[in-house]
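Me: I am new to this structure and would like to go through it by question and answer. Please begin with its pockets.

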Amino acid sequence: MRIGRVISWIVVALTMIPFFWLVYSAFLSAEGFYSGQPLKISLSFENFQALSQVNLWKPLFFSLLASSTVVVLQVLTSLPAAYALRAGTPLLGLYLFFFAIPAELMLVPLYGLLQKLHLLNSPLALVFPFMASPFMVFLLYQGMLKIPWEYVEAARLDGASESRIMFQTMLPLLLPELAAAGVLAFAGHWNLVLYPKVVLGQEFQTIQVALSELMRATSNNWGVLGAAALVTSLPIILLYSLFERYVVKTFQGGLK
């Protein structure tokens, strides 16, 4: 057991090293990088001040709006789908099949579909294909498995409609799973790079695409790149910090 704990801490430490270096480099001046003694240089905010000259804020707000919209839509579509699975609709295998397909594999057919719908280079191209998520359906379905079905049957005997059962009986009991699914869905959509590069033009640049363009343009300015990467990571860090206990509770409870 002790060896297992030591290995767990080592794995966590190795995982955290790049993140700590990211935070440190964001506050490290250019002098610190090129002096050969970065630990002896005082920290500064000059890298964040340099970001004011970079076109980063418009993509940041655009990504915030797009990812938040996608999360809301995924919740609205996944909840009834998961409820239907829990009620006995035999489609779980199909959901798991689509869950296992790599997203990159769908890029070419999605591009053709969006072209026919005249949605290329439109903000809808970043929202429309992500309105439903097999992963969120599966996660909510797993949460519903933990809820005694007698609650649903009792509500039906009282004359409640299926939509009322879903939103007034099941939804309040699924808050941890909804929070966990929302955080993961936001992070998954927020971190898209290849897809928005292909379907969107420069006018609707997402934050990750803007960051990759900044890396290409200033490949040796590690301080500014670190500050930009830290700023782009803040929404996910804040979101996870707010709902961390729900995410942990969802996965700590196990999947059936």
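Me: What is the volume of the largest pocket, and which residues are the closest to its centre?
Reply: This is a predicted model, and the values given here are computed from it. The largest pocket has a volume of about 1000 Å³. Its lining consists of 29 residues, and the closest to its centre are Ala103, Pro129, Phe130, Ala132 and Pro134.

Me: Which helix gives the largest share of the lining of the largest pocket?
Reply: At least two lining residues come from each of helix 4, helix 5 (92-100), helix 6, helix 7 (134-145), helix 10 and helix 11 (194-199). By class, the lining of this pocket has 24 nonpolar, four polar and one charged residue. The largest share, five residues, is supplied by helix 10.

Me: Which residues are the closest to the centre of the second largest pocket?
Reply: The second largest pocket has a volume of about 160 Å³. Eleven residues line this pocket, and the closest to its centre are Leu22, Ser25, Trp222, Leu225 and Gly226.

Me: Which helices each supply at least two residues of the lining of the second largest pocket?
Reply: The lining of this pocket divides into nine nonpolar, two polar and no charged residues. The helices that each supply at least two of its residues are helix 1 (2-26), helix 12 (207-217) and helix 13 (222-252).

Me: Which elements give two or more residues to the lining of the largest cavity?
Reply: The model has two cavities of 30 Å³ or more, and the largest has a volume of about 50 Å³. Its lining is formed by Ser63, Ser67, Leu126, His189, Trp190, Leu192, Pro196 and Thr206. Two or more of these residues come from each of helix 4 (57-86) and helix 10 (175-190).

Me: How do the residues of the lining of the largest cavity divide into nonpolar, polar and charged?
Reply: Among the residues of this lining are Ser63, Leu126 and Trp190. By class, the lining has four nonpolar, four polar and no charged residues.

Me: Is Leu114 buried or exposed?
Reply: Leu114 belongs to helix 6 (residues 107-116). Setting aside residues up to four places away in sequence, Leu114 touches Leu119, Leu120, Ala125, Phe128, Pro129, Tyr195 and Val199. The C-alpha atoms of Leu114 and Ala125, eleven residues apart along the chain, lie 6.8 Å from each other. Because its relative accessibility is 0%, Leu114 counts as buried.

Me: Which helices do the buried residues of helix 12 pack against?
Reply: The buried residues in helix 12 are Ile207, Gln208, Val209, Ala210, Leu211, Ser212 and Leu214. The helices that the buried residues of helix 12 pack against are helix 4, helix 10, helix 11 and helix 13.

Me: How many helices and strands does the protein chain have?
Reply: Of the 256 residues in the protein chain, 36% are buried. Contacts between residues 24 or more positions apart make up 72% of those with a separation of 6 or more. The C-alpha atoms fill a box of roughly 75 × 60 × 30 Å along the principal axes. The protein chain has 13 helices and zero strands.

Me: Which elements have the lowest and the highest mean pLDDT?
Reply: Across the protein chain the average pLDDT is 86, and 93% of the residues score at least 70. Among the elements, the lowest mean, 67, belongs to helix 2 (residues 30-34), and the highest, 93, to helix 4.

How values were computed:
Residues numbered from 1 in each chain as written. Predicted model: local features only at pLDDT ≥ 70, side-chain atom pairs only at ≥ 80, totals over all residues. Heavy atoms only, no water. 1 Å grid on protein atoms, 1.4 Å probe; cavity = no way out; pocket = protein on both sides within 12 Å on 5 of 7 lines; lining within 4 Å. Points joined across faces, edges and corners; volume = space filled by probe spheres on them. Helix = DSSP H or I, 4+ residues; strand = E, 2+ residues; numbered from the N terminus. Nonpolar A, V, L, I, M, F, W, Y, C, P; charged D, E, K, R; others polar. pLDDT = per-residue confidence, 0-100. Buried < 20%, exposed > 50% of the residue type's maximum accessible area, 1.4 Å probe, protein only. Contact = heavy atoms within 4.5 Å.
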